[in-house]
Amino acid sequence: EYAERFPDVVRLMPREPNMGVVQNYFRCLEACRGEFITDCAADDMRLPGNWLSKQIAMLRANERMVAVGSDWVERKNGVDEHSRDMNAHARWRRTVKGRDMLLGALASVGAFPVPLSAMLYRRNAVSPRSDMVRNDAFGCEDLPIVCALGNVGDFGFVDEESLLYFVGGGSISNSQSLERLLGFYYKVLACSITLADYYNAHTEDVDAAIKHRAVFVAGLAFD
């Protein structure tokens with residue numbers, strides 16, 4: 001309906017069955033023609049407000065900035081938790097250096113600094129044709145994209161909630177299939193190691209996170 005009403009703004013991508021969430025993300029990324037990019041997964045919801053105009057204004061006012069995050073709401077089992085109240089995210093609710101975000105993303109275990117869907121980023125700051133961004137061996141899109149962004153610029157932040165993020169359900173990282181879960185986290189482990197090598201990012205915290213993932217994957221494999 002929206003594609004028909006606004007053909008110059010909305011494009012409906014043709015369905016390609018069995019592509020998978022990650023490859024579909026990069027397919028859409030390659031098709032984007034705008035200056036900035038943000039996303040919203042099918043099981044999440046955008047919130048009303050002025051967050052988008054604030055993010056755009058911040059990016060246009062700061063050439064060194066490649067992305068601007070925002071607050072969000074996590075809903076799990078019907079209970080809402082606000083990012084502004086989460087201690088794990090407190091240090092990221094401000095402007096941070098790109099290198100700090102890169103290291104923070106690689107060192108994250110369970111709590112990604114700022115969800116990619118709560119960010120607005122420059123389209124020309126990420127190349128979906130790079131092996132360090134789009135790689136079948138990675139199994140995820142957020143970690144390689146945030147690392148690629150952090151390698152070339154800084155991150156801003158808007159303290160307004162832009163996203164209702166549903167936690168749980170049948171997502172790829174929360175699958176009821178042990179085999180599927182093992183496959184996903186094995187690829188995330190491989191992604192973490194590869195990116196840490198590529199960006200020379202083997203800090204104590206990053207290596208501790210890699211070890212944590214390896215132990216988790218081993219536990220799934222031999223469960």
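Axes are lines fitted to C-alpha atoms, for helices over the stretch in contact, and angles run from 0 to 180 degrees between N-to-C directions. Helices (H or I, at least four residues) and strands (E, at least two) are DSSP runs, numbered from the N terminus. The model is predicted: local features need pLDDT of at least 70, side-chain atom pairs count only at pLDDT 80 or more, and totals for chains, interfaces and linings use all residues. Residues are numbered from 1 along each chain as its sequence is written, and side-chain values use heavy atoms, with hydrogens and water left out.

**Exercise 1.** Describe how H4 and H5 cross, and state which residues make the contact.

Solution. Step 1: the axes of H4 (residues 98-106) and H5 come within 7 Å and cross at roughly 160°. Step 2: H4 is therefore roughly antiparallel to H5 (under 35 degrees counts as roughly parallel, over 145 as roughly antiparallel, 65 to 115 as roughly perpendicular, the rest as oblique). Step 3: the crossing of H4 and H5 is left-handed, which applies if the near helix is turned anticlockwise from the far one by less than a right angle, whereas clockwise is right-handed. Step 4: H4 contributes Gly98, Arg99, Met101, Leu102, Ala105 and Leu106, and H5 contributes Leu143, Val146, Cys147 and Gly150; contact means heavy atoms within 4.5 Å. Step 5: these residues divide into 7 nonpolar, 2 polar and 1 charged (Ala, Val, Leu, Ile, Met, Phe, Trp, Tyr, Cys and Pro are nonpolar, Asp, Glu, Lys and Arg charged, and the others, Gly among them, polar).

**Exercise 2.** Carry out the analysis for H5 and H6.

Solution. Step 1: the axes of H5 (residues 142-150) and H6 (residues 178-198) come within 10 Å, at a crossing angle of roughly 15°. Step 2: H5 is therefore roughly parallel to H6. Step 3: their crossing is right-handed. Step 4: Leu143, Pro144 and Cys147 of H5 meet Cys191, Ser192 and Leu195 of H6. Step 5: this contact has 5 nonpolar residues, 1 polar and no charged.

**Exercise 3.** Is Ala148 buried or exposed, and which residues does it contact beyond its neighbours within four places in sequence?

Solution. Step 1: Ala148 lies in helix H5. Step 2: its relative accessible area is 10%, so Ala148 is buried (buried is under 20%, exposed over 50%, partly exposed in between, with a 1.4 Å probe and protein chains only). Step 3: with those neighbours set aside, Ala148 touches Ala125, Val133 and Tyr199.

**Exercise 4.** Classify the aromatic pairs Tyr2 with Phe6 and Phe184 with Tyr185.

Solution. Step 1: rings of Phe, Tyr and Trp (its six-membered ring) pair if their centres lie within 6.5 Å; planes under 30 degrees apart are stacked, over 60 edge-to-face and the rest tilted. Step 2: the structure holds 5 aromatic pairs. Step 3: Tyr2 and Phe6 have ring centres 6.5 Å apart and planes at 15°, so this pair is stacked. Step 4: Phe184 and Tyr185 are edge-to-face, with 4.9 Å between centres and 75° between planes. Step 5: ring pairs join Phe184, Tyr185 and Phe216 into a cluster.

**Exercise 5.** Where does Asn77 lie, and is Asn77 buried or exposed?

Solution. Step 1: Asn77 belongs to the loop between strand S3 (65-76) and strand S4 (79-82). Step 2: although not a glycine, Asn77 has a positive phi of about 55°. Step 3: its relative accessibility is 74%, so Asn77 counts as exposed.
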